[in-house]
Amino acid sequence: MSQIPADLKYSKEHEWVRVEGNRAYVGITDFAQDELGDIVFVELPEVGAQVTANETFGTVESVKTVSDLFAPVSGKVVEVNAALADNPERVNESPYGDGWMIVIEMSNPEELNELLDAAGYQAHIGG
């Protein structure tokens with residue numbers, strides 16, 4: 001059974017968002033990392049890059065496939081989890097902790113209203 005923390009927001013593309021002030025920490029869900037299998041590479045944007053909600057911001061590569069990562073909110077990337085370059089398996093080991101991917105300074109916090117809560121995400125993945 002996948003973990004779905006109640007304090008996060010979720011996209012239908014399986015990204016999670018933890019909001020701290022005007023910043024959104026973004027990663028992929030436990031469900032997504034489990035479906036992907038062992039993650040071997042993560043491609044993330046540079047700090048300073050602009051991202052747009054529902055558009056790709058990078059890719060995650062597993063032993064099974066390569067999947068696009070979609071920004072759940074729009075804004076400027078202010079931090080990237082550089083540790084994933086050498087340790088992409090952190091996404092598998094701790095998708096909601098050490099496996100976070102980017103931090104976005106939100107340009108339109110209203111976009112958070114478009115995301116799912118834990119119950120909505122659970123229903124989305126068929127739980």
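Strand 5 runs antiparallel to strand 8 (residues 75-80), and 2 bridges join the two. Within that pairing, Val51 has Gly75 of strand 8 as its bridge partner. The model is a predicted one.

- Another open sheet has 3 strands in the order 4-6-7, paired antiparallel.
- Its edge strands are strand 4 (39-43) and strand 7 (66-70), and each pairs on one side only.
- Neighbouring strands here are turned by 25° against each other on average, with direction ignored.
- Strand 6 (residues 56-62) meets strand 7 in the antiparallel sense, over 5 bridges.
- A hairpin links strand 6 to strand 7 through 3 residues.

**Thr59, a residue of strand 6**
- Thr59 sits in strand 6.
- Is Thr59 buried or exposed? Thr59 counts as buried, because its relative accessibility is 16% and the cut-off for buried is under 20%.
- Beyond its neighbours within four places in sequence, Thr59 contacts Phe41, Val42 and Glu43 on one stretch of numbering, and Val66, Ser67, Asp68 and Leu69 on another.

- Lys64 is found in the loop between strand 6 and strand 7.
- UniProt, in an unreviewed entry, annotates Lys64 as "modified residue: N6-lipoyllysine".
- Lys64 has 60% relative accessibility and therefore counts as exposed, the cut-off being over 50%.
- Which residues does Lys64 touch, not counting those up to four places away in sequence? They are Glu35, Leu36 and Gly37.
- A polar atom of the Lys64 side chain lies 3.1 Å from the backbone oxygen of Glu35.

**Nonpolar cores**
- The largest nonpolar core has 24 residues. Ile28, Val42, Leu44, Phe57, Met101 and Ile102 touch the most other members.
- At least two residues of this core come from each of strand 3 (23-28), helix 1 (30-36), strand 4, strand 6 and strand 9 (102-106).
- A second, separate core has 12 residues, including Tyr96, Val103, Tyr121 and Ile125.
- Leu44, in the largest core, touches Phe57, Leu69, Val80, Asn81, Leu84, Met101 and Ile102, leaving out residues up to four places away in sequence.

**The annotated domain**
- The unreviewed UniProt entry places "domain: Lipoyl-binding" at residues 23-105.
- How far apart are the end C-alpha atoms of residues 23-105? They lie 5 Å apart.
- The span is 18% helix and 42% strand.

How values were computed. Residues numbered from 1 in each chain as written. Predicted model: local features only at pLDDT ≥ 70, side-chain atom pairs only at ≥ 80, totals over all residues. Heavy atoms only, no water. UniProt positions renumbered as here; feature names shortened; annotations may be inferred. Helix = DSSP H or I, 4+ residues; strand = E, 2+ residues; numbered from the N terminus. Pairing = 2+ DSSP bridges. Axes fitted to C-alpha atoms, helices over the stretch in contact; angles between N-to-C directions. Buried < 20%, exposed > 50% of the residue type's maximum accessible area, 1.4 Å probe, protein only. Contact = heavy atoms within 4.5 Å. Core = buried A, V, L, I, M, F, W, Y, C linked by side-chain atoms within 4.5 Å. Polar contact = N/O pair within 3.5 Å; in protein donor to acceptor, adjacent residues only side chain to side chain.
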